Amino acid sequence: MSLSANWQFWALIAAVFAALTAIFAKIGISDIDSDLATFIRTCVIMLVLGGILTAMGKWRNPQTIPLKTWIFLGLSGLATGASWLAYFRALKLGDAARVAPLDKLSIVLVAIFGVMFLGEHLSAMNWFGVVLIGAGAILLAVF
């Protein structure tokens, strides 16, 4: 299996870009409202993704997409929007090095929600890691 087909590779790439997001956003919101900054960021994302979909021929007739998909992607979009608004507001008010770790408590919540709602199973070692992530995020953000 090639590296680019490996989920861990893409997760690490996501982490790098998430880190850059915090740094670029903290600099970018210094002179504007955090909600406006979120809107600008969202517009950039839409334009880039629209270009990627067009270039790769991945557009699909919306009527062929199942209703369940529309509902859950819609809910995901609402949750993403709420998360971004809150994140940018936090970045406007606080240090990126303290805001980002607290935001990463989402990792702890994903583990809990994954078990509760998706039937996923984590080993004792996995749960230990989740506890360490939670403790580390709190230590970075609070102390």
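**Pockets and a helix pair**

I began with the second largest pocket, which is lined by Leu53, Lys58, Trp59, Arg60, Pro62, Ile65, Pro66, Thr69, Trp70, Leu73 and Gly74. The model is predicted. I read a volume of about 400 Å³ for the second largest pocket. Helix 3 gives the largest share of its lining, four residues. By class I noted seven nonpolar, two polar and two charged residues in that lining.

Next I turned to the largest pocket, with a volume of about 1,100 Å³. It is lined by 27 residues, and the closest to its centre are Arg41, Thr80, Ser83, Trp84 and Asp103. I then listed the elements that give two or more residues to this lining: helix 1 (7–28), helix 2 (34–56), helix 3 (67–93) and helix 5 (105–118). Helix 1 gives the most, eight residues. The lining of the largest pocket holds 18 nonpolar, six polar and three charged residues.

Last, I looked up how helix 2 and helix 3 pack. Their angle is about 130° and their axes are 9 Å apart. The crossing of helix 2 past helix 3 is right-handed. On the helix 2 side, the contact is made by Ser34, Asp35, Ala37, Thr38, Arg41, Thr42 and Ile45. On the helix 3 side, I found Trp84, Leu85, Phe88, Arg89 and Lys92. The residues of this contact divide into five nonpolar, three polar and four charged. I marked Arg41 and Trp84 in this contact, having listed both among the residues closest to the centre of the largest pocket.

Conventions
Residues are numbered from 1 along each chain as its sequence is written. This is a predicted model: local features need pLDDT of at least 70, side-chain atom pairs count only at pLDDT 80 or more; totals for chains, interfaces and linings use all residues. Side-chain values use heavy atoms; hydrogens and water are left out. On a 1 Å grid over the protein atoms alone, a cavity is a set of points where a 1.4 Å probe fits but cannot get out, and a pocket is an open set with protein on both sides within 12 Å along at least five of seven lines; lining residues have an atom within 4 Å of a point. Grid points are joined across faces, edges and corners, and a volume is the space filled by probe spheres set on the points. Ala, Val, Leu, Ile, Met, Phe, Trp, Tyr, Cys and Pro count as nonpolar, Asp, Glu, Lys and Arg as charged, and the others, Gly among them, as polar. Axes are lines fitted to C-alpha atoms, for helices over the stretch in contact, and angles run from 0 to 180 degrees between N-to-C directions. A crossing is left-handed if the near helix is turned anticlockwise from the far one by less than a right angle, and right-handed if clockwise. Contact means heavy atoms within 4.5 Å.
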